[in-house]
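I am jotting down what I looked up, entry by entry.

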Amino acid sequence: SKVPHPVDIYTTETHLVFDIACTGIAKEDLEIQTQSNNLRVNYDKSKTEDKGVDYIHRGIAKRSFNLGWKIDSKFDLSKANADFKYGLLKITIPFAKGSELKTLKIN
C-alpha cells in the first residue's frame, strides 16, 4: 500500500502555500516543474541511494515521490516561489491580480 507523502496545503491572505516534507533530502535532488496550470514536485531516491549502508534500523522514509496538482486560475503559477528550510520545501503561489481574497464589511 502506498503511503501518501506528507504535505500541507493552505491559503493565506495573499498566497496558496504547499509545505512538503523532505526529511534527509538535499534541495539539489528535488525537481519542481510548472506548466500551464500544473505544479509537479519530484524526488528520485535511486539517484541518491545510500550505497553499502548496513542499516540496523531504518525509520526515516526517504521514498521517491512524484507529486502533482492542478492549480486554480485564481493563483498565478508563473510567479511561484520555492524555499527550502529545515527539511521542508515551501512553495508559495500568489493570488492572480484581481482575484485576491477580499473581506466585505457588513453595512
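How many bridges join strand 2 to strand 7? I counted 7 bridges, and the two strands run antiparallel. One of the details I checked is I20, whose bridge partner in strand 7 is L89.

Ground rules, before I go on. I am working with a predicted model, where local features need pLDDT of at least 70, side-chain atom pairs count only at pLDDT 80 or more, and totals for chains, interfaces and linings use all residues. Residues are numbered from 1 along each chain as its sequence is written, and side-chain values use heavy atoms, with hydrogens and water left out. My strands are DSSP runs of E with at least two residues, numbered from the N terminus, and I call two strands paired if DSSP finds at least two bridges between them.

I then followed strand 1 into strand 2: they form a hairpin with 3 residues between them, and they pair in the antiparallel sense over 5 bridges. Looking up partners in strand 2, I found V17 for Y10 and I20 for V7.

Strand 2 is mostly covered, as 5 of its 7 residues are buried (buried means under 20% relative accessible area, with a 1.4 Å probe and protein chains only).

Strand 4 (residues 38-43) runs antiparallel to strand 5 and is joined to it by 6 bridges. For L39, I noted W69 as the bridge partner in strand 5.

**Entry: the core**

Which residues have the most contacts inside the largest nonpolar core? They are F18, I20, I71 and I93, in a core of 19 residues. By nonpolar core I mean buried Ala, Val, Leu, Ile, Met, Phe, Trp, Tyr and Cys residues joined through side-chain atoms within 4.5 Å. Strand 2 (15-21), strand 4, strand 5 and strand 7 (88-94) each supply at least two residues of it.

I zoomed in on F18, which counts as buried at 2% relative accessibility. Leaving out residues up to four places away in sequence, F18 touches D8, I9, L39, W69, I71, L89, K90, I91 and I93 (a contact is heavy atoms within 4.5 Å).

**Entry: aromatic pairs**

My count came to 3 aromatic pairs. The rule takes rings of Phe, Tyr and Trp (its six-membered ring) with centres within 6.5 Å; planes under 30 degrees apart are stacked, over 60 edge-to-face, and the rest tilted.

The ring centres of F18 and W69 lie 4.6 Å apart with planes at 50 degrees, so I logged this pair as tilted. It links distant parts of the chain, with F18 in strand 2 and W69 in strand 5, 51 residues apart. Y43 and F65 form another tilted pair, 5.8 Å centre to centre with 45 degrees between the planes. Y43 sits in strand 4 and F65 in strand 5, 22 residues apart, and both are buried.

Note on methods: Helix = DSSP H or I, 4+ residues; strand = E, 2+ residues; numbered from the N terminus. Buried < 20%, exposed > 50% of the residue type's maximum accessible area, 1.4 Å probe, protein only.
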